[in-house]
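Visitor: I would like to walk through this model with you, one question at a time. Shall we put it up first?

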Amino acid sequence: MTIADLPDEAVRGRRALLRVDFNVPLNEDGSVGDDTRIRAALPTIQLLRDRGAAVVILSHFGRPKGKQVAEYSLQPVARRLQELLGEKVTFVESTDSDEAIKATHKAGPGSVILLENTRFLPGEEENDESLARQFALLGDFYVNDAFGAAHRAHASTAGVAAELKPAVAGLLMQRELEYLGNALANPRRPFVAVLGGAKISGKIDVISALLPRVDRMLIGGAMACTFFRAMGLETGKSLVEGDRVDMARELLSEAGDKLVLPVDARVAPGMDAGNSARVVARDAIPADEAMFDIGPESARAHAGILREAGTVIWNGPMGVFEKPPFDFGTLEVARALAAATSQGATTIVGGGDSAAAVAEAGLEDEVSHVSTGGGASLEFLEGRTLPGVAALDARKG
Ligand code: ADP
Ligand code: MG
């Protein structure tokens, strides 16, 4: 169920306990750096306010591991949220206290309260039942908009949803599930996945799960090198996961020509030696150099397939995009996604670094959907149940 399924009397004058993902990067001076995640929660906060609820917000932040750690206080986030909303945001320095409960009862319709980091509490990551009951006292109904935390069964994502009813999805959660869910359930074809990034190990499950569903799977990033090794090619000093080579070999024989590997590579003696980078065929990677990007011919081939796609899911950059000239393949893919989108394709970007690359290219608004949850979107694509989603009320009928 979503907020739209709640009748007015269930919302107006009531306290919405809203779980968000405000796990944002901070600047050196302690102020909020990239505020994408805060902005992503604004529509839900506004909708709840417009419908006359008091909004009581819970979030995790960093990994304080059940202890109060000053550097992981949500105080700077409260300040940024207040700026973005243009409304007063009351910050409460505790979460499971009488003081917090009192503050929520004092809050009138339309007011916004942010409580301190849920991970300051030892029961949070253990999905402790009594903490979940404590959280449930902070609201009259529960809304989960923390897609990025939905793959974890924690007290504020899973436990509380069993204690506080109704328990519904917020707008961001809904949007994430719709995009990812529709791509898996009835993708417009050709359905193309692009997978890259540093490690193949974290993505084996998603490769296996997507392979039977997609028409093409384009490979880039360091994981291409593990495939190259499986093909018996020289990979030089490239990042290869030796213990995944057998798995890569199996995937190669299973996938046939669905799997599109790079045909050339941009290599250099080190990733800071961009000046001496050059392009070689994939079977000519020098023994004393490493592949840091897919080559231009591969980038063009990937882009060509992407431009014809009906649905695209992209996770993981094609190279060390942080360091030009190794950003070329990633930028080509980003531009191809934008072009496909303008032709009517549905294009979805998952993964923190891929999303950062798209943002850097200024193409955020030219793709259909940039997922806010790296790990959660991968687990969803692997076909796993997300505990934070499973705990919400199912739509009746
Ligand atoms: P995402 O966050 O989008 O899921 P990953 O975290 O899996 O992506 O991978 C991103 C990282 O992979 C980037 O830091 C990038 O520099 C690195 N990477 C990509 N290609 C290579 C390569 N050929 N060699 C070394 N690192 C690479
Ligand atoms: Mg990453």
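Visitor: Is asparagine 127 buried, partly exposed or exposed?
Guide: Happy to start there, and please keep in mind that this is a predicted model. Asparagine 127 sits in the loop between strand S4 (112–115) and helix H4 (129–136). Its phi is positive, about 55°, although it is not a glycine. Buried would need under 20% relative accessible area and exposed over 50%. With a relative accessible area of 27%, asparagine 127 is partly exposed.

Visitor: And lysine 65, is that residue buried or exposed?
Guide: Lysine 65 belongs to the loop between S2 and helix H2 (75–85). Lysine 65 is not a glycine, yet has a positive phi of about 55°. Its relative accessible area is 64%, and the cut-off is 50%, so lysine 65 counts as exposed.

Visitor: What is omega for the peptide bond from proline 324 to proline 325?
Guide: Proline 325 is in the loop between strand S13 (311–315) and H11. The bond from proline 324 is cis, with omega near 10°.

Visitor: How are H10 and H11 oriented to each other?
Guide: Helix H10 (residues 296–307) and helix H11 (residues 328–342) have axes that come within 9 Å and cross at roughly 15°. Angles under 35 degrees count as roughly parallel, so H10 is roughly parallel to H11.

Visitor: How many residues of the contact of H10 with H11 are nonpolar?
Guide: On the H10 side, the contact residues include Pro296, Ala299, Ala303 and Leu306, while H11 brings Phe328, Val333 and Leu337, among others. Two residues of this contact are polar and two are charged, and the nonpolar ones number ten.

Visitor: How are H8 and H9 oriented to each other?
Guide: Here helix H8 (residues 223–230) and helix H9 (residues 245–255) have axes 8 Å apart, at an angle of about 80°. The range from 65 to 115 degrees counts as roughly perpendicular, so H8 and H9 are roughly perpendicular.

Visitor: What arc do the buried residues of H9 cover around the axis?
Guide: The buried residues in H9 are Val245, Ala248, Leu251 and Ala255. The face turned away from them carries the exposed Asp246, Glu250, Ser253 and Glu254.

Visitor: What covers the buried residues of H9?
Guide: Val245, Ala248 and Leu251 are among the residues of H9 that meet H8, and these three are also buried. The cover over the buried residues of H9 includes H8, helix H7 (204–210) and strand S9 (259–260).

Visitor: How far apart in space are valine 56 and leucine 114?
Guide: Valine 56 is in strand S2 (residues 54–58) and counts as buried, because its relative accessibility is 0%. Leaving aside neighbours within four places in sequence, its contacts include Ala16, Leu18, Ile113 and Leu115. Valine 56 and leucine 114 are 58 residues apart in sequence, and their C-alpha to C-alpha distance is 6.1 Å.

Technical notes:
Residues numbered from 1 in each chain as written. Chains lettered and ligands numbered in written order. Predicted model: local features only at pLDDT ≥ 70, side-chain atom pairs only at ≥ 80, totals over all residues. Heavy atoms only, no water. Axes fitted to C-alpha atoms, helices over the stretch in contact; angles between N-to-C directions. Helix = DSSP H or I, 4+ residues; strand = E, 2+ residues; numbered from the N terminus. Parallel < 35°, antiparallel > 145°, perpendicular 65-115°, else oblique. Contact = heavy atoms within 4.5 Å. Nonpolar A, V, L, I, M, F, W, Y, C, P; charged D, E, K, R; others polar. Buried < 20%, exposed > 50% of the residue type's maximum accessible area, 1.4 Å probe, protein only.
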